[in-house]
Amino acid sequence: MHAPQSGSDRDRAVGVQRYSPELPWRPRVSPPSVEDKDACAIYASVRRDGTPSHEPIERAIASLQKMLHRAGNVDGEGDGCGLLVDIPRKIWAEAVRAGGHDPSLTLDPAFAVAHVFVERSQELAQVQHDARELLGRGGFRILAERIGEVDSQALGPTAREEEPHFWQIAGLVADAQRRDRVLFDLLIALEGELGVHVPSFSATTCIYKVMGAPAVLGAYYPDLHDERFEVIACFGHNRYSTNTWPSFKRVQPFSVLGHNGEINTIEQLRQEATMLGVPIEPGCSDSQDLNRTIDTLIRREDLSLAEAMEMVLPPIVNEIRAL
C-alpha cells in the first residue's frame with residue numbers, strides 16, 4: 001500500500017512546471033496555497049496600536065513583489081505600482097530645518113506636502129517659478145523643496161524614456177480649517193495651468209509611484225528605505241490602470257483610491273462627472289476619472305468617503321440579496 005502523493009509530489013512526477021509568483025508571468029498552475037480569484041495586487045496595513053513604524057513600508061514592497069503575477073508588464077517591465085502612505089514628517093523636519101524654519105512646523109495641522117511630476121519636455125525652472133507664484137497666490141507658504149530624490153538607474157528602458165522630474169514641496173496653508181478644499185483647488189490649478197501631474201497634495205498622505213515593478217519602486221525612491229520614514233497606515237497597488245497604455249501619470253494608487261477593475265460606462269461617468277463640476281483631466285484612465293470624481297465630492301462637496309462611493313457606485317442588488 002502506497003501513501004498518497006501530495007500535490008507538489010504529483011507535479012514533480014508528471015513534470016508540471018511551476019513559476020514563481022514574483023516573476024512577471026502568470027504561473028501555469030497556481031501555487032497549492034493560493035486560491036486565485038482576484039484581479040490587481042492590493043496591499044493594506046494599518047497599525048492597530050497607532051504608533052508609527054517603518055516596517056509597513058518594507059513589508060508592502062515585498063508583498064507587492066510576491067503578487068507580481070497579478071500585475072501586467074510591457075516589454076518585460078512592470079507596468080506600474082505605488083504606495084499611499086502617511087507623510088514622512090521626520091524626513092521633512094530635517095528639510096524644513098535646513099531651510100531655516102522651525103522643524104516642529106511639520107506637526108502643524110496646516111502643514112502639507114505636494115508630489116509633482118514634471119515632464120522632461122518642459123522647462124523645469126520655468127515650471128517651478130510659475131508653480132511657486134501660483135501657490136503663493138493661493139496662500140500656500142513654502143517651507144522646503146526637494147527635487148530629483150530618485151535613482152533613475154533603477155528604471156527599465158521604457159520607463160526611463162518618459163521619466164518625469166520628481167519635485168516635492170512642503171509648506172503651510174493659510175486656512176487650516178479649509179485645508180483639504182484649498183489643497184484640492186491648488187492641485188487642480190497646478191495641473192490645469194502648468195500641465196504637470198500631481199500624484200498627491202495633502203496634509204496627511206503622500207504617494208510614491210513608478211512605472212515598474214515593486215522592486216523598482218523600492219530602488220527608485222530612497223525615501224522608502226529611510227528608517228526615518230515611519231507610517232501608521234500604508235496602502236499599495238500593483239498594476240497601473242485599465243483601458244489605457246501605462247505611464248507614470250496613470251500609475252496607481254491615486255489621491256484617494258486604487259481602483260481594482262474597470263468602469264463599463266466610461267463615457268457616461270465622464271459626462272455625469274462634468275455635470276457635477278468635476279474637473280476631469282483629458283487623457284486620463286477610467287480609474288483616474290473615478291478617483292477625481294470621488295475626490296471632488298469629498299473635498300468640495302463635503303461628502304464622506306462612504307457617501308461619495310455610494311453616489312458614484314450604485315449598489316449591486318443581487319449581491320445584497322445574496323448577503
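Predicted model: local features only at pLDDT ≥ 70, side-chain atom pairs only at ≥ 80, totals over all residues.
Setting aside its neighbours within four places in sequence, phenylalanine 201 is in contact with Ala112, Val113, Ala114, Leu135, Phe140, Leu183, Leu186, Leu187, Leu190 and Arg299.

Phe201 belongs to the largest nonpolar core, which has 38 residues. Together with Trp92, Phe111, Val116, Phe140, Leu190 and Val196, Phe201 is among the residues that touch the most other members of this core. Which elements supply the core? At least two residues each come from the helices α3 (89-98), α4 (124-137) and α6 (179-194), and the strands β5 (111-118), β6 (141-147), β7 (165-172) and β8 (197-202) likewise give at least two each. The biggest contribution is that of α6, with nine residues. There is also a second, separate core, made of 29 residues, and Tyr43, Met211, Leu217 and Phe229 are among them.

As a reminder, strands of a sheet pair through backbone hydrogen bonds, either parallel or antiparallel. Take the pair β6 and β7 for a closer look: the two run antiparallel and are joined by six bridges. Within this pair, isoleucine 147 stands opposite tryptophan 167 in β7.

On the α4 side, the contact is made by Val127, Asp130, Ala131, Leu134, Leu135 and Arg137; on the α6 side, the residues are Leu186, Ala189, Leu190, Glu193 and Leu194.

What is the order of its strands? They run β1-β10-β4-β9, four strands in an open sheet with antiparallel pairing. Here the edge strands are β1 (41-46) and β9 (205-210), each pairing on one side only. Neighbouring strands of this sheet are turned by 10° against each other on average, direction ignored. Strand β4 (residues 81-86) pairs with β9 in the antiparallel sense over six bridges, and in β9 the bridge partner of leucine 84 is isoleucine 207. A helix accompanies this sheet too: α2 (residues 55-66) lies across β1, β4 and β10 (233-238), and it runs at about 160° to β1.

Another pair of helices is worth a visit. The axes of α8 (residues 266-275) and α9 (residues 286-299) come within 10 Å and cross at roughly 30°. That angle makes α8 roughly parallel to α9, and the crossing of α8 and α9 is left-handed. The residues making the contact are Ile266, Leu269, Arg270 and Ala273 from α8, and Asp286, Asp289, Leu290 and Thr293 from α9.

Two backbone details deserve a stop along the way. The peptide bond from glutamine 252 to proline 253 is cis, with omega near 5°, and proline 253 lies in the loop between β10 and α8. The other detail is at aspartate 302, which has a positive phi of about 60° although it is not a glycine. Aspartate 302 sits in the loop between α9 and α10 (305-312). Is this residue buried or exposed? Aspartate 302 has a relative accessible area of 66%, so it counts as exposed.

Finally, step back to the whole chain. The protein chain has eleven helices and ten strands, and 48% of its 323 residues count as buried. Among its contacts between residues at least 6 apart in sequence, 72% join residues at least 24 apart.

Notes:
Residues numbered from 1 in each chain as written. Heavy atoms only, no water. Core = buried A, V, L, I, M, F, W, Y, C linked by side-chain atoms within 4.5 Å. Buried < 20%, exposed > 50% of the residue type's maximum accessible area, 1.4 Å probe, protein only. Contact = heavy atoms within 4.5 Å. Pairing = 2+ DSSP bridges. Axes fitted to C-alpha atoms, helices over the stretch in contact; angles between N-to-C directions. Parallel < 35°, antiparallel > 145°, perpendicular 65-115°, else oblique. Left-handed = near helix turned anticlockwise from the far one by under 90°.
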